[in-house]
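I am opening my notebook on a structure that is new to me, and I will write down what I looked up in the order I went through it.

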Amino acid sequence: MDYDLTRLGTREFEHLIQALAKKVLGSGVSIFGDGRDGKREATFRGAVGYPNLSPASNWNGYGVVQAKFRQRQDVATNAGWLVSQIKAEFEGWRAAKRKNPGLELPEYILICSNVVLSAVQDSGGIDVVKAEVAKLAKSFELKGWDLWHYDEICRFLDDSADIRRAYAAFITPGDVLSCIAERFQGATSRISETLAVHAVKMMKGGQDLRLSQTGADTSAQVKLSQIAIDLPLEHVDGEEQSRASGVAALLIEAGNSIRKLSVGRLRNYVIVGGPGQGKTTIGQLLCQLYRVELLDDRPTFKLGLEGGDIHRTLKQDFVRLGLPEITAKRWPMQISLSAYGDAVRGGEDVSLLKYIAEQVSKRTTEPLNAADMKAWLRDWPWILILDGLDEVPAATTRAIIDEKLQDFAVEAADVDADLLMVATTRPQGYSEEFSPQYHQHVYLRALNVDEAVEYATRLAEVTHSGNIDLRQLVIQRVTSAATEHVTARLMRSPLQVTIMSLLFERRAHAPKSRYNLFSLYYDAIYAREVGKPGTTARMLDEQRRYIDQLHENVALELQIRAEHESDAESMLPTADLHAIALQHLVTEGHSEKDAKPLAQRIVESAMHRLVLLVPARGDTVGFEVRSLQEFMAARAITRGRDEAIAQRMRTIAPSAHWRNTWLLAVGRVFVEADHFRGEVIAMLAELDRATPTMSILLPGARLAVDLLDDDVAANQPGYQCLLVERALATLQFGLGGRAMHLADVLAPLAIASTQVREIVFQATDLARQNTGRVGLAALHLLAEWAEDASVLTVAARLRLQTALTAATEEQMIGVESIARSRNLRELRSAMSFSDHVLWDDVDTGVLMALQLKFRGLKSDAIPVGGQIIRDVLSAPRSDSGVAPNRYRIEGVTEGLTPTESKSVAEVLASLGEHVSPAQWTTDQRIREIAISVFEHQPVGHLLDMK
C-alpha cells in the first residue's frame, strides 16, 4: 500500500521511524526526544530480533537508528542526496572520534529515509546507496547495517496497523476520507463518507461573514477567506517569545505534531482576548483551513459543482495568509459553549461526544451517535474549538460544562486520541476554568496602526469591489483615523476596524465628528450583544436605559476623581460600581429588595458583555478606552433640563481635563438638541468676556477652533460661520502653533464654503492693519494658505504680498523666523533675509524667572514675580543666541494653592503688552504657560448633577 510520507516533516518522520524501530527491532530500543540527539533518533544495546533472517544473523551490540527526511523529492537526484547525507553523518562521527578518542561508535547502523529509490539492478538508486553505505561500513568496521527507504517503510507500515492509524492524517494519500473507508474497519469505515459530506456542507456554510455581526444594519456579505487575518500574539504562557507571529500559525504548528498522550504530554490551548478581537472568527478560520486540507484531492464530482468551486477558491485565498503548511489533516469541529450550556442546563445528561454527534447529524442524512464519534476520535486526529466560555455567565452552567469537559478528556484518553483542543474566552470573568497545568494560555495583542489599516484596506477592497471611489474614500478615512490619537484606540481589533469602516461609508466626516463616532460605536457594540441568543441579551435589551445611565454615572464619577488623583486613569472600586447601580434603581422607584439582584445582573452584563467597563488593578473597574469614558461623561453632562446642562457646560468649559468631555457634549447638542445650539455659541462669547484674564486667554475662541475641527456644525452652515467668527479671535495669539492649527482647521471649510471664505478674508484684511501680533498672525495664516493649490491660494498670495510691503521692522523679524522654521516658499521668495538677532536668550531668562520666582510664592508676592519678568523683557539683549531652555509647565505653579495658581495665570496673561512682535517665541511661551495654569484648575466638584 502506498503512503504519502512527504507531509510528515522532519520531526514527525523521526517520530514515525522511532515507532517503527521499536516495533520491528523490539522493546530494547531507546527513543531520543527532540533536541540534541547526537545524530541519532534511537539506539539499542544487546540482542534485537533483526534482521531476523536466522538467530545467528540478528544484531547484538550497540546500534544507532538514523532518519533522513527530504521534503521535495526528485527520483533522479534522491540517491545522490541520500548518499551525501549519509557521508556527512559518518564524517561527523569520524571527526568526533578524533576529538574524543574515548567516544563509543556504533557497531550497527539503521538508516531510514522517505526518499523513493529506483530498483534497477546495479544502476538503480537502491543499489547505488547500498554500495556507498557498504564502503563506509567497512571503513568503520561495522558489524551490520541496513537501509529503510520509502518502499521498505511502506511495507513496515502495512504490517503495523496501530502506527498506521496514529499517522493516518499525515500519510494517507489522495482522497483521505475515501481511503479511510477502505483502510479502517468498523464504525470509522462506515461514517467516514458521512463525515466527508458533512465537511463539504460545513465548508460551504462557513465561508460567509455577515457584517451585521458588528451591529450595523447591512445585508452585505464578505467571504472569510477574503478578509481573514492571523491574530497577533501578545504572549504565550511559558514562552519568552512565541515562535509564531499569530494564533493560527501557532495552532497549525501545534497540530502538525502527534498529540497522543502515549507519545508525549502536550497541553491544549486557551485563547484569551477582548471583545471583538476575533476569537470566534479565528476558530472559524482554522476549521475552514482544515476542511480545505481534509477535502483536498477528493474528486471534484463528490464535492459538487459549487463545492468544487468553493474549495478551489478557498485554497487560493488562504495562500495570502502565509500560514504554515498543514501536514496533519485533522477533522475540525467548532462548538459554541453557550449553545452547549443551553443543552446541558435543560437537565438532560448530554455528553460532549453526544452533543457533537447531534450537531453533525443535523447536517447529514445518516444520524451519528456518541459511540460513532468516539470511534472517529480513536482513529482520526481532531482539532476541537470550544468557543466562548465568556458567553456562559451562570456559574452553575459553567460547573456543568467543566464536568462534561473533564468527562470528554477521560473518553479521549481512553482511546489515546490525537486531539488538539482550543478554547476561547474573554479575560473578563475568566477564572482559569481551563487549568494552566493542562492548557497553554495564548494572549492576543491589539492591532497596531499598520495592521489595522491593512485589514481595513482588505475589507474595503472586498466590500466595495464594484465601487472604486467609495473604496478609496473608506481606505483614506480609515488610514487617517488610525493615525489620530482620538480614534486609533478604537481600531485595535478586527471588529472595531470593521465598525469604523462601516461608519466611514455613511459619514463623510466621521473621523472628525467624535460624538457620532463614539455614539455609533457604542450602539453597534450594544446591538451586537443584544442580537446574541440567551437571557443576558434579552436583559440587555430590556434594561438599556439603566445600563446606559450606569455607564454615564460611572464615567462622570471617574472624570471627577481623576482631577484629584495622580493617575489620570482613575479607577472605581467594584463595590462603588454596585452602589451606583443600586442607587439609580432605587431612585427610579424600585424597592431595595428588587433592585439588588437587578443591579447585580446589570453590572455583570455591562462588564462581561459590553466591556466598556473592565476590571482593573485590585478590586476596581474602569474604562479601558479613555475616550469612551469621556464620551459617557458627556452623555451624563447633557442629561436633564436645559438650564442645568448649560450650567454644567459653563463649569467645565475652561478645563483642559474636561476638554474632550465638553467637546463631545457639544457634539451631542448639535446632533440631538437643535434648540440648544445657539446657547453654545453664546456661551463661547461669554467665556471670552467673563474676566480680564479670560479676555486675554480666550477659552471660548480656542474651543470654537476645536469644535470646527470636530466638524460639529458641518450640516448647519449658519452655526459654522458663527464658530468661524469666534475662532478667528485666536489671531490675537500671534505667530506659532495656534496660527498653524487655525490655518489647518479653516482651510477645508473656506475651500468648501464661499460664505466662510468671505468671513476669513475679511478678518485677515482687518488684522493686517494691526502692527503687532495680530497682524503677524494674519501674515502667518495667509502664508500657510499661499502654499496650497486651492481656491484660497490666489487670494492668499495677493493679500500676503500687500501685507509684507506694509509690515513693520519688528514684524518682519518675526516673519523671517517663521519663514525659516516652516520653510514657507511664498515668504522666503518675497523677502531677503536680514541678520536680525531673534534674542532667544530672552526666552531663557523669562523661563528661569517663571521657574524660580513663582515657585512657592504666596498670593501677595505673585505680582513681584510678574515685575521680575517685565525687567527681564526690558533688559539689554545680547547677541549670544542662547537656545531656549526646555521647561515643565507644571513646575510654574508647584506648591501653590488653586487660588494662587489662578493669580499666576492672571499675571502671566497680562504680560503680553511688554513683548514685542519680534519676540514672538517668548510671547507664545508665556501665553501657553498662562493657558496651562488657567486650564488645570479642578472644576468637577462644582458640577450640579441634580
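How many helices and strands does the secondary structure of the protein chain come to? I noted first that this is a predicted model, and then that the protein chain has 43 helices and 16 strands. I also looked up burial, and found that 55% of the 946 residues of the protein chain count as buried. For contacts between residues at least 6 apart in sequence, I wrote down that 72% join residues at least 24 apart.

Next I turned to a sheet. I found an open sheet of 3 strands, ordered β14-β16-β15, in which the pairing is antiparallel. Strands β14 (572–573) and β15 (613–615) stand at the edges and have a single partner strand each, so one side of each is left without a neighbour in the sheet. Looking at one pairing, I saw that β15 and β16 (residues 620–623) run antiparallel and are joined by 3 bridges, and that Val-614 has Gly-622 in β16 as its bridge partner.

My last entry concerns a pair of helices. The axes of α29 (residues 659–672) and α32 (residues 699–710) come within 10 Å and cross at roughly 60 degrees, which makes α29 oblique to α32. I recorded the crossing of α29 past α32 as right-handed. On the α29 side, the contact is made by Arg-659, Trp-662, Leu-663 and Val-666, while α32 brings Arg-702, Leu-703, Asp-706, Leu-707 and Asp-710. Sorted by class, I listed 5 nonpolar and 4 charged residues in the contact of α29 with α32, and no polar ones.

Technical notes. Residues numbered from 1 in each chain as written. Predicted model: local features only at pLDDT ≥ 70, side-chain atom pairs only at ≥ 80, totals over all residues. Heavy atoms only, no water. Pairing = 2+ DSSP bridges. Helix = DSSP H or I, 4+ residues; strand = E, 2+ residues; numbered from the N terminus. Axes fitted to C-alpha atoms, helices over the stretch in contact; angles between N-to-C directions. Parallel < 35°, antiparallel > 145°, perpendicular 65-115°, else oblique. Left-handed = near helix turned anticlockwise from the far one by under 90°. Contact = heavy atoms within 4.5 Å. Nonpolar A, V, L, I, M, F, W, Y, C, P; charged D, E, K, R; others polar. Buried < 20%, exposed > 50% of the residue type's maximum accessible area, 1.4 Å probe, protein only.
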